[in-house]
Amino acid sequence: MAWRGAIVAEPLLILDGLRKHYGGLAVTDGVSLDLRMGEIHAIIGPNGAGKTTLIHQVSGTVAPDAGRVIFGGRDITRLSFPARVRAGLARSFQITSILSGFSALENAALAAQRRHGSSFRFFRAAARDATLNTAGMAALEAVGLAERATMQAGALSHGEKRQLELALALATEPRALLLDEPLAGAGQEETARLIAILRALRDRYAILLVEHDMDAVFALADRVTVLEQGRVLATGTPAAIRADAAVRAAYLGEEEIPC
Amino acid sequence: MMRWSPALLLALLAAAPWLGFSGSYEFTLMARAMVLALAALSLGFLVGGAGLVSLGHAAMLGVGGYAVAILDAHGVTEALLVLPAAVAAAALFALLTGAIAIRTSGVHFIMITLAFGQMAFFTASSLAAYGGDDGYTLYARTEIAGHRLLENRLAFHYLCLALLAGAWLLLRAILASRFGRVLRATRENAQRAEAMGFAPYAYRLAAYAIAGAVAGLAGFLMANATEFVAPSAIAWQRSGELLFMVILGGVGSLPGAILGAAAFVVAEEQLATLTEHWRLIFGPLLILAVIFLPHGLAGRHRG
Ligand SMILES: Nc1ncnc2c1ncn2[C@@H]1O[C@H](COP(=O)(O)OP(=O)(O)OP(=O)(O)O)[C@@H](O)[C@H]1O
Ligand SMILES: [Mg+2]
């Protein structure tokens, strides 16, 4: 049924002609791409290609000089970062950003708090709030971190912190996830675990995935966009990107694309 | 290190009048310590809970105190009116100045709170009808339901103690609440709080108003303790002293702020009996305390 397919294929997130200059440097140079529900769209590119800056503009931490961000059919270009999170656009950071002084569960429960009643409640102890604890635990379970719930977040291993960061994004009950190198710095075993987690998440979310680990990218992505010097070099299926001559040229000597 | 309990200090203050500390001098000293502890407590809530280092906190105290003075000058001495008025005036002052100050951060926040504090200081100095530079002496202490209960030193002592204990429990509960969690998150990692969907401004401003209200309560007690209000109570030096009490007690610990204020008042008093040049000793002593007690008198524990 063609008409149904058309509705499903309607992109959840559209980046339309985004531009960002820092001084004379065009860090984002007219980037357009889209992201559909149930899809992992990977963004790859050499260091300094402008991947993080692009995520910043989509999440609202950096304002673009030109272009639009459309989310769920709505222009959100002027929305603040927290407002976009509330609209269902969650993100993780390339450099781990968690509340180190809170326990893993407190982190996740707080991330869920915006979806579960008012935060202007002043007297009842949040630690005894069953609604928040249940939601927080569910997010920890989704990333396999349930048994670390009471541990102080700052004391978790590096890989576990990456898992927690993912749980915090999930706990905000988003529709789309913007993940900036979720595997950065994770060991072999942790990487395998994180890949399995991301694969399990694919069906329920739209995921924009910035990642340097090419094995992970080609194992996970439905589509790949290659960014170079702020420009989209190519967009396509993993197979098409692998075969693309321009991409191979851009990566030559930089990183081997597995075939 | 054993966890220091503020309950011990509060119990000592409760027992003090029965342990011989019942002279006029002792009551005055204890009242001063409790008033400053209440003010330091509210500042400790701001610094430790919200990460807002204010150098104009004495202005909140001053607004509370001047509310008492101004009402007194117009014959309003009923606590049921005066106390809420002092608290509300300080909270409103905090809300209005905070709405601007909280848009800034770091050194700018320190400077802008200092500026608002000095504005309050000069405003108070120019209030000729209420004593101007010389300050204003109350006709009498505030009455409670028509009774001159606060004239009773013991009653006043226990009122100060009850309000100090109550404020500590209240602020502690707030820090543990949903609101408090967001506040502590914005202090620890504002980027992460935003990534959770929280815009820090509203939470910080609410915290600023709450701290202002508690400081206004301290101002009410200060005015009644000394039966006198003067611009010097608002001066930036007093704001600096309050900040010092918080740091001395240990940032991030509400009981620490109480302990810091008590230690400050006792040290100041003891040194003053030794020599008239006590400030020359006090300064270096404070510096040593900061160097050798990086987590404050209350130690590592966070309240
Ligand atoms: N705030 C800024 N001011 C000036 N230049 C910036 C700023 N942020 C990023 N840049 C520059 O923009 C370019 C792209 O940076 P960005 O962090 O987006 O790259 P990236 O693709 O994420 O790189 P990596 O793979 O190393 O994470 C870099 O040359 C960087 O130095
Ligand atoms: Mg990057």
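Across the interface of chain B and chain A, two salt bridges are found. The model is a predicted one. In this model, 25 residues of chain B are in contact with 36 residues of chain A, and the two chains bury about 2,700 Å² between them. Chain A also provides two residues that coordinate a magnesium ion (ligand 2), namely Thr52(A) and Gln94(A).

**Buried area at the interface**

- Of the area of about 2,700 Å² that chain B and chain A bury between them, 59% is on carbon and sulfur atoms.
- Three arginines, Arg178(B), Arg181(B) and Arg192(B), account for 34% of the area that chain B buries against chain A, which is more than any other three residues supply.

**Polar and charged pairs at the interface**

- One of the salt bridges joins the side chains of Arg178(B) and Asp129(A), with a distance of 2.9 Å from N to O.
- Residue pairs in polar contact across the interface of chain B and chain A number 18, counting those with both residues at pLDDT 80 or more.

**Elements and residue classes on the side of chain B**

- Four helices of chain B each give two or more residues to the side that touches chain A: H6 (153-176), H7 (178-188), H8 (190-195) and H9 (200-226).
- The most is given by H7(B), with seven residues.
- By class, this side of chain B comprises 15 nonpolar, four polar and six charged residues.

**The magnesium site in chain A**

- The magnesium ion (ligand 2) is coordinated by OG1 of Thr52(A) and OE1 of Gln94(A), at 1.9 to 2.1 Å.
- Thr52(A) belongs to helix H2 (residues 51-59) of chain A, whereas Gln94(A) sits in the loop between strand S6 (89-91) and helix H4 (104-113), so the pair ties together parts that are 42 residues apart in sequence.
- Thr52(A) is partly exposed, at a relative accessible area of 22%.
- Gln94(A) also counts as partly exposed, with 33% relative accessibility.

- Thr28(A) is located in strand S2 (residues 25-35) of chain A.
- With a relative accessibility of 1%, Thr28(A) counts as buried, because the cut-off for that class is under 20%.
- The side chain of Thr28(A) makes a polar contact of 2.9 Å with the side chain of Gln57(A).
- Beyond its neighbours within four places in sequence, Thr28(A) is in contact with Leu18(A), Arg19(A), Lys20(A), Thr53(A), Leu54(A), Gln57(A) and Gly230(A).

Conventions: Residues numbered from 1 in each chain as written. Chains lettered and ligands numbered in written order. Predicted model: local features only at pLDDT ≥ 70, side-chain atom pairs only at ≥ 80, totals over all residues. Heavy atoms only, no water. Contact = heavy atoms within 4.5 Å. Buried area = accessible area lost by both parts, 1.4 Å probe. Salt bridge = Lys/Arg side-chain N within 4 Å of Asp/Glu carboxyl O. Polar contact = N/O pair within 3.5 Å; in protein donor to acceptor, adjacent residues only side chain to side chain. Nonpolar A, V, L, I, M, F, W, Y, C, P; charged D, E, K, R; others polar. Donors = N, O, S within 2.8 Å, 3.2 Å for Na, K, Ca; no water. Buried < 20%, exposed > 50% of the residue type's maximum accessible area, 1.4 Å probe, protein only.
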